[in-house]
Amino acid sequence: MGVTLDLTRAPKSAPVKPNLSGLTRKGLVETLIAADVVRADKAKMRANQLWRWIHHYGVTDFDAMTDVAKETRAAIAERFSLARPEVVERQVSRDGTRKWLIRMAPGIEVETVYIPDVGRAGALCVSSQVGCTLNCTFCHTGTQALVRNLTAAEIVAQVQIARDDLEEWPSPKEDRRLSNIVFMGMGEPLYNLDNVADAIDIIADNEGIAISRRRITVSTSGVVPELEALGARTQAMLAISLHATNDPLRNELVPLNKKYPIAELMAGIRAYPGLSNARRVTFEYVMLKGVNDSPAEARALVNLLKGIPAKINLIPFNPWPGSNYQCSDWGAIEAFAAILNRAGYASPIRTPRGRDILAACGQLKSESEKMRASERRKLEAAAE
Ligand code: SAH
Ligand code: SF4
């Protein structure tokens, strides 16, 4: 027997309150004053209190903030939220890698991956966009149609959710499981620099999550005009998705190369603020069988990087449903690495992690692409 639901009188969901987790310290002070929920002369002190609760203790309930007066808490709670976005799916790989599918808003889903034993203790791979506009031919994320920038709150939320799951609140100073952050999830971070920079200010703050900027790496496919701003604003470590040593091949693999060819990219990297032997650029190079993995290409790579303080990260290609490439043979990868090593470059081969749950590099893609933009707009309108 069919049942028809009458939805015409269903209550409209409440408007989404702005989330305080995405505000920088300065933004938090200004927002509290503008909303008239604290006295202007007390705003800085109140913001400092809130900051510690939100980013050091990880609380999601204003009532936990016991050193803030009850009326003030109520006034703030009326206007703002600290709620985490919904975790739609949580998967744990055989190798301990964890992946969360997070719903930021109706139809807006991203994946975040925690990889143990990477960096000092464990790295969180965060997304900066839903999908990606850049269509690199070997990348699953690039095939996702729906794209929007994530807000700073949505980027910070990925770290908060990982910390919830790893039970790392209050923020430990030592023996952390989550020690590094890499912007290597979905999206091109330099197309969303304002929000990425704010999120880094929040994540790196010493009285909060306190992950130092030297342990935060931003990976880009080569948006040359934004490189200097990235360094100046974030002091983050830089990673470049190079993948090819000549323009014709890189044009094919990373189509953005047609706009910013290799020579321009290398010049931009050499000018990256703060570059030194202690702060090297990481070059990522995905190993594609018969495409970019010959000894001649390894030697070309050495030539290209001359004079740049660099590390090279060889990434075995991770296949995904429908991909047209194969991963290089292990022997070819080792031979490639040996040439780089002989030239003095540390060039670790990145062991694929979490492949069984499609959590490895370039395998991320959310279900949200199945929803058309028109459907999403309808859903968003319904939620307003
Ligand atoms: N958009 C940014 C950051 C996200 S991609 C960038 O391109 O740098 C993170 C890394 O994974 C990049 O180096 C990317 O080239 C690599 N990658 C993408 N697809 C991959 C795949 N299928 N196998 C292995 N690495 C892949
Ligand atoms: Fe986008 Fe990076 Fe994937 Fe290229 S490799 S499509 S830039 S996410």
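Select Pro170, which lies in the loop between helix 4 (152-166) and strand 7 (180-183). The model on the screen is a predicted one. Display the backbone from Trp169 to Pro170: the peptide bond that joins them is cis, with omega near -15°.

Next, select Asp36, in the loop between helix 1 and helix 2. The phi angle of Asp36 is near 60°, a positive value in a residue other than glycine.

Helix 1 covers residues 25-34 and helix 2 covers residues 43-56. Two packed helices are described by the angle between their axes and the distance between the axes. For helix 1 and helix 2, the angle is about 120° and the axes are 9 Å apart. Roughly perpendicular pairs have angles of 65 to 115 degrees, and helix 1 and helix 2 are therefore oblique to each other. Their crossing is right-handed.

For a second pair, select helix 5 (residues 193-204) and helix 6 (residues 227-234). What are the angle and the axis distance at which helix 5 and helix 6 pack? The angle is about 20°, and the axes lie 10 Å apart. Angles under 35 degrees count as roughly parallel, so helix 5 is roughly parallel to helix 6. The crossing of helix 5 and helix 6 is right-handed.

Proceed to ligand 1 and show the residues around it. There are 21 of them, and the closest are Gly187, Ser219, Ser241, His243 and Asn318. By class, this shell has 10 nonpolar, nine polar and two charged residues.

To see which elements contribute two or more residues to the shell around ligand 1, colour strand 8 (216-220), strand 10 (281-287) and strand 11 (310-316).

Finally, keep Gly187 selected and turn to ligand 2. The residues around ligand 2 are Cys132, Leu134, Asn135, Cys136, Cys139, Gly142, Gly187 and Ser221. This shell has four nonpolar, four polar and no charged residues.

Methods. Residues are numbered from 1 along each chain as its sequence is written. Chains are lettered from A and ligands numbered from 1 in the order in which they are written. This is a predicted model: local features need pLDDT of at least 70, side-chain atom pairs count only at pLDDT 80 or more; totals for chains, interfaces and linings use all residues. Side-chain values use heavy atoms; hydrogens and water are left out. A residue is near a molecule or strand if one of its heavy atoms lies within 4 Å of it. Helices (H or I, at least four residues) and strands (E, at least two) are DSSP runs, numbered from the N terminus. Ala, Val, Leu, Ile, Met, Phe, Trp, Tyr, Cys and Pro count as nonpolar, Asp, Glu, Lys and Arg as charged, and the others, Gly among them, as polar. Axes are lines fitted to C-alpha atoms, for helices over the stretch in contact, and angles run from 0 to 180 degrees between N-to-C directions. Angles under 35 degrees count as roughly parallel, over 145 as roughly antiparallel, 65 to 115 as roughly perpendicular and the rest as oblique. A crossing is left-handed if the near helix is turned anticlockwise from the far one by less than a right angle, and right-handed if clockwise.
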